[in-house]
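I opened the model today and kept notes on what I looked up. The sequence and structure come first, then my entries.

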Amino acid sequence: MSIKRNQVVSLSYTLKDPETGQIIDQSTPDQPLQFITGLGHIIPGLENEILKMDKGESKEILVKAEDAYGPVNPEAFQEINRSDLAHIENLEEGMVLYAQDNQGNQIPVKIHKITGDKVTVDLNHPMAGKDLLFNVKITDVRDATQEELAHGHVHGPGGHHH
Ligand SMILES: [Zn+2]
């Protein structure tokens, strides 16, 4: 019996760069990742594989860039004047700044290139164009409650409290 839609899945995971083996992110033992299936809360390439698993199962899942954060978009590179960033100390290539969009979300802005008084910034997701290697273990599966489905998020331990 594998996992279905509208279920709450708890899992522990380690995310590595498949090329270097470097750990990019991991869950902590007392705080598993929880999400409701079928709502697009996690990247599609990962969710599709998790839906084939069962509680207690572990698996290594390689997600190609196009099923993760997508390819690098060349139009997401923008040239701005260096003077617009005059308030940033020690501006250098590779640095990541945070800007706020209209909804108040923090979006990462990477300093791609500095040429004279022009700066090229990269607005791609930091993991765009990267394949991702996950090691996941499904620690719990249960049906989502009506209230959770209505709110679109997980309640209880590790989830929302309100
Ligand atoms: Zn809620």
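What pLDDT does the protein chain average? I found an average of 93, with 99% of the residues at 70 or above; pLDDT is the predictor's confidence in each residue, from 0 to 100. I noted that this is a predicted model, where local features need pLDDT of at least 70, side-chain atom pairs count only at pLDDT 80 or more, and totals for chains, interfaces and linings use all residues. Residues are numbered from 1 along each chain as its sequence is written.

**Entry: elements.** I counted two helices and nine strands in the protein chain. Both are DSSP runs numbered from the N terminus, helices (H or I) with at least four residues and strands (E) with at least two. Read from the N terminus, the order is β-β-β-α-β-β-β-β-β-β-α. Confidence is highest in strand E4 (residues 58-63), with a mean of 98. It is lowest in strand E6 (residues 96-100), with a mean of 89.

**Entry: a sheet.** I traced an open sheet of four strands in the order E5-E8-E7-E6, paired antiparallel. Strand E5 (77-81) and E6 are the edge strands, each pairing on one side only. Neighbouring strands here are turned by 40° against each other on average, direction ignored; the axes are lines fitted to C-alpha atoms, and angles run from 0 to 180 degrees between N-to-C directions. Two strands pair if DSSP finds at least two bridges between them. I found five bridges between strand E7 (residues 106-115) and strand E8 (residues 118-122). Isoleucine 114 has valine 119, in E8, as its bridge partner.

**Entry: the core.** Which residues have the most contacts inside the largest nonpolar core? I listed Val8, Val9, Ile36, Val63, Phe134, Val136 and Ile138, in a core of 16 residues. Such a core is a set of buried Ala, Val, Leu, Ile, Met, Phe, Trp, Tyr and Cys residues joined through C-beta atoms within 7 Å. Buried means that 20 or more other C-beta atoms lie within 10 Å of the residue's own, with C-beta atoms placed from the backbone. Strand E1 (7-16), strand E3 (33-36), helix H1 (44-50) and strand E9 (132-143) each give two or more residues. E9 gives the largest share, five residues.

I then looked at valine 136. Leaving out residues up to four places away in sequence, valine 136 touches Leu11, Tyr13, Ile50, Ser58, Lys59 and Ile61, where contact means C-beta atoms within 7 Å.

**Entry: the whole chain.** Of the 162 residues, 13% count as buried. The C-alpha trace spans about 60 × 40 × 30 Å along its principal axes.

Conventions. A residue is buried if 20 or more other C-beta atoms lie within 10 Å of its own, exposed if 12 or fewer, and partly exposed in between; C-beta atoms are placed from the backbone. Two residues are in contact if their C-beta atoms, placed from the backbone, lie within 7 Å.
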